[in-house]
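Please consider the sequence and the structure shown here before reading on.

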Amino acid sequence: MNFAHRLSALFLPIIAGLLLLSSSGSALAKDAAPASSSLATVPATLPEPLTKEAIRELTSRLSDAEVRKLLIEQLDRAAVKPEAHDDMSDMVGAMDKGTKQMRARAAQILRAGGRLPEAIGHVVGRLTDERGLFHLVEIILGLGAMFLVGGAVETAYRRVLHAPLARIGDGLGAGF
């Protein structure tokens, strides 16, 4: 055994133990927090003369969870009830919005189609700019070779798996 292996064998249990202790400590602290706050079962209410000092004094006595609960209750009371919408009108509105987006995108594509010869000329110019026309020929030949190799691999794959796939298809029955 080399030195690095011995060192990792020594420190691995130590690191695992430290991780176990730190995770169990945070789990115990998480479990202990609700137990201490559950002792105070007196419900918090807002003071009647609602002044800044009274609010600050109340929030300083309460825990975070109690302040959060009191705030949610007050916000729920103050919240405006949403108006009931017809589900059908929402669907029609959403469909109309989607249709408008599709039409706008189709118009962009058709406008871009008119600039296709210009774009092709730009690409050819960029490919032949520094390297010459032979570089473009190399790229075209490379793409052609890639398609030929891909087609040959696919043909070989189908020939190899044709008989096993036919047997599986025959054994499945009329349900499939």
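## Terms and basis

A residue is called buried when its relative accessible area is under 20%, exposed when it is over 50%, and partly exposed in between, with a 1.4 Å probe and protein chains only. The structure is a predicted model, in which local features need pLDDT of at least 70, side-chain atom pairs count only at pLDDT 80 or more, and totals for chains, interfaces and linings use all residues. Residues are numbered from 1 along each chain as its sequence is written, and side-chain values use heavy atoms, with hydrogens and water left out.

## Overall composition

The protein chain contains six helices and zero strands, in the order α-α-α-α-α-α from the N terminus. Helices (H or I, at least four residues) and strands (E, at least two) are DSSP runs, numbered from the N terminus.

Of the 176 residues in the protein chain, 5% are buried. The chain exposes about 15800 Å², of which carbon and sulfur atoms supply 67%. Accessible areas come from the Shrake-Rupley method with a 1.4 Å probe; for residues, only the protein chains shown count as cover.

## Salt bridges

A salt bridge requires a side-chain nitrogen of Lys or Arg within 4 Å of a carboxyl oxygen of Asp or Glu. By this rule, the count is three. In helix 2 (residues 52-61), Arg61 and Glu57 are four residues apart, and therefore separated by about one helical turn. Their side chains form a salt bridge with an N to O distance of 2.8 Å. Arg61 is exposed, because its relative accessible area is 56%, whereas Glu57 is partly exposed at 41%.

Helix 4 (residues 87-114) holds both Asp96 and Lys100, four residues apart, or about one turn of the helix. The N to O distance in the salt bridge between Asp96 and Lys100 is 3.4 Å. Lys100 has a relative accessible area of 53% and so is exposed; Asp96, with 39%, is partly exposed. In helix 6, Arg158 and Glu154 are likewise four residues apart, about one helical turn, and their closest N and O atoms are 2.9 Å apart in a salt bridge. Arg158 is exposed at 56% relative accessibility, and Glu154 is partly exposed at 42%.

Glu66 belongs to helix 3 (residues 64-78). Glu66 is buried but has no salt bridge, and the nearest side chain of opposite charge, that of Lys69, is 8.0 Å away. For charge, Lys and Arg count as positive and Asp and Glu as negative; His and the chain ends are not counted.

Thr128 lies in helix 5 (residues 116-128), and its side chain reaches the backbone oxygen of Val124 at 2.8 Å. Leaving aside neighbours within four places in sequence, Thr128 is in contact (heavy atoms within 4.5 Å) with Leu133 and Leu136.

Leu133 also contributes to a nonpolar surface patch of about 440 Å², together with Phe134, Val137 and Leu141. Patches are made of residues with over 30% relative accessible area and no salt bridge; like charges are joined within 9 Å, and nonpolar side chains (Val, Leu, Ile, Met, Phe, Trp, Tyr) within 5 Å. Leu141 lies in helix 6 (residues 133-171) and counts as exposed because its relative accessibility is 60%.

Methods. Polar contact = N/O pair within 3.5 Å; in protein donor to acceptor, adjacent residues only side chain to side chain.
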